[in-house]
Amino acid sequence: MPLANLQQAAQQVANFLNNVIRLGGLRLKYRISASALPADSLIDDSEAQVLNVEIAGPDAPMLTQRGGELLRSLEHIALQILRLDPREHDLVSFDALNFKALRAQEIQMAAETAANKVRESGQPYAFPPSNSRERRMLHLAFKDMEDVESHSLGEGQERYLVVYPKGKTHLPAPTPTMPSRGGYGDRGGRGGFRRR
Amino acid sequence: MTQMDMLSVDDLVREIAKALVDAPEAVEVETVSREENTVLRLRVAPQDVGKVIGKQGRTARSVRTILGAVSMKMHHRYTLDILEEED
């Protein structure tokens, strides 16, 4: 059941972060707040509340380096401490330096670039492997486009998203580009715009 | 690096592990110090090993990422070994 006791969950997350800050020597501060579930969530519970954890401080840039690896790691540990099921991962959201909003913009741009490639070539395009949250953001971006469709292939860490011309999912999917640690933003995903 | 830092990083791993497992009393962290790095050897109850490793090793990888950041701050490399009981 999603976060039955929000106060208690917030306290558990606070304890974890206090340990990281105090014992790990990281100069960070944080603020935990609750909000309603975003409209695009897959969780079917209108009562569910999300714990938002906003981290700031002199060491905050460490969180967003390498595609937000440290930010995601802290979020992942918090989700595990709260014993949340993978389907409930929307219930906790960590952010720092507006990273998630900037990432969402990057993903939207990567989706548009990929859609253009597929339109021009008539061939499917494969993204590098990415986590479920980013794949979902990509799927949502493609849902708004009438002439392409997206599907996820592969398993686990290797799961990746392929964009097809609408109705042509029988075309063989290309092998995904090897992931760069920085994710789409650092992969030259915007390069496609130069051809416009 | 001071003795104080070393103690605090092993406490950090201990506290994170205790929060992740069902049997916190079974959590042990042993510190093996070398000149260039410090290995933190984590032992948990057999039924909790999966909880500290996580699906596809993601939880262990997350703890290692946190240790990586701490290592940078402390200018000393900390690595994590998760010991699996052989019995």
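In what order do the three strands of the open sheet in chain B run? Select them and you will find the order 1-2-3, with mixed pairing; strands pair if DSSP finds at least two bridges between them, and strands (E, at least two residues) and helices (H or I, at least four) are DSSP runs numbered from the N terminus.

Before moving on, a word on the model: it is predicted, with local features needing pLDDT of at least 70 and side-chain atom pairs counting only at pLDDT 80 or more, while totals for chains, interfaces and linings use all residues. Residues are numbered from 1 along each chain as its sequence is written, chains are lettered from A in the order in which they are written, and side-chain values use heavy atoms, without hydrogens and water.

Next, colour strand 1 (28-33) and strand 3 (77-83) of chain B: each has a single partner strand, so one side of each is left without a neighbour in the sheet.

Now pick strand 2 (residues 37-43) of chain B, which runs parallel to strand 3 of chain B and is joined to it by seven bridges. Click Val39(B) to see its bridge partner in strand 3, Thr79(B).

Last stop: helix 3 of chain B gives the most to the lining of the second largest pocket, with eight residues. On a 1 Å grid over the protein atoms alone, a pocket is an open set of points where a 1.4 Å probe fits, with protein on both sides within 12 Å along at least five of seven lines; lining residues have an atom within 4 Å of a point. Select Arg66(A), Arg64(B), Thr65(B), Gly68(B) and Ala69(B), which lie nearest its centre among 17 lining residues.
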